Amino acid sequence: MKVHLIAAGKFHDIDYARLELLKLLAETPRIRTSVAADYADLASLGTADLLITYTCDLMPARAEEVAALEAFLARGGRWLALHGTNAVLRFGADGVVDTPDEVPAFTGLLGTRFAGHPPIAPFKVFVTRDDHEMTQGLRDFRVEDELYLTHRTADIEVLLHTSFTGRCDEFRDAEWDEAEVPVLYERKVGEGAILYLTLGHCRGHYDLLPVSPFWPHPQRCAWNYPVFHELLRRAIRWGLAHAA
């Protein structure tokens, strides 16, 4: 069973997330994993059963890379997209962060586009559908993490959600009043599917360079919660359920 892991990007402790994901994948001896820092390795994607992405401000650089993702899904591949996979960040001259839709073919494929988040704080996550393999037996839970706010770009099936009313002052898209904010959703594409889980922020001392030279308090957020690891294990099983 082949997994292709793309772990790279900005403002997060990518090394930590990459290692934790590899440790979870290593729990299944039949899995063989290739690792990349961008979307350019089309050969590994072409033979993979499951694609996992943990990125931030990292988009496909060429139209051929988006086309390869579409072909991967069309043939039945499954894609576990985590946290900032759908995020583009551009700092304005006033210090406010814009989140432009620079690669609409990519965000259209994913089903959502990142727009902002309030300061990290605890929030409650609700089970939207309790009959899915990702959520069966789960109860509503509280977690401290970045509460990702997104714009939908395609039809999605929400499995876990939260709600948010308030401001995200760091982001240009600041005002929000959302009764259902997707935390986990599934999107069918061709013979394959995408599972997007927005939780999983992490940051070390030096991950805000060049915006800030030193971040005093390392953050692990959902990585500290057993329920997050349970969701990741279930997602890996979901991703490989069709593999030979």
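Helix H5 (226-240), where helices (H or I, at least four residues) and strands (E, at least two) are DSSP runs numbered from the N terminus, has 15 residues and reaches 21 Å from its first C-alpha to its last, close to the 21 Å expected at 1.5 Å a residue, the expected span being 1.5 Å times one less than the number of residues. The model is predicted, so that local features need pLDDT of at least 70 and side-chain atom pairs count only at pLDDT 80 or more, whereas totals for chains, interfaces and linings use all residues. Residues are numbered from 1 along each chain as its sequence is written, and side-chain values use heavy atoms, with hydrogens and water left out.

Of the 15 residues of H5, 11 are buried, so this helix is largely enclosed by the rest of the structure; buried here means under 20% relative accessible area, exposed over 50%, and partly exposed in between (1.4 Å probe, protein chains only). Among the buried residues of H5 are Val227, Phe228, Leu231, Trp238 and Leu240.

Helix H1 (residues 14-25) has 12 residues, which should span 16 Å at 1.5 Å a residue, and its end C-alpha atoms are 16 Å apart, in agreement with that expectation. In H1, the residues Ile14, Ala17, Glu20, Leu21, Leu24 and Leu25 are buried. These residues cover an arc of only 140° around the axis, which puts them on the same side of H1, the arc being that of the directions from the helix axis to the C-beta atoms. An α-helix has 3.6 residues a turn, so residues three or four places apart point the same way. What covers the buried residues of H1 includes H5 together with strands S1 (2-9), S2 (32-36), S3 (50-56) and S4 (78-82).

The axes of H1 and H5 come within 10 Å and cross at roughly 55°, with axes taken as lines fitted to C-alpha atoms, for helices over the stretch in contact, and angles running from 0 to 180 degrees between N-to-C directions. That angle makes H1 oblique to H5, since angles under 35 degrees count as roughly parallel, over 145 as roughly antiparallel, 65 to 115 as roughly perpendicular and the rest as oblique. The contact (heavy atoms within 4.5 Å) is made by Glu20, Leu21, Leu24 and Leu25 of H1 and by His229, Leu232, Arg233 and Ile236 of H5.

Aspartate 49, found in the loop between helix H2 (42-47) and S3, is buried with a relative accessible area of 18%. Its C-alpha atom is separated by 6.2 Å from that of alanine 243, although the two residues are 194 residues apart along the chain. Not counting residues up to four places away in sequence, aspartate 49 touches several residues, including Met1, Phe72, Arg78, Gly239, Leu240 and Ala243.

Threonine 162, in strand S11 (residues 157-167), counts as buried at 2% relative accessibility, and its C-alpha lies 6.7 Å from that of valine 183, 21 residues apart in sequence.

Most residues other than glycine have a negative phi, and most peptide bonds are trans. Phenylalanine 11, in the loop between S1 and H1, has a positive phi near 65° and is buried, with a relative accessible area of 10%. Cysteine 221, in the loop between S13 and H5, likewise has a positive phi, of about 45°, and is buried at 8% relative accessible area. The peptide bond from leucine 209 to proline 210 is cis, with omega near 0°, and proline 210 is placed in the loop between strand S13 (192-197) and H5.
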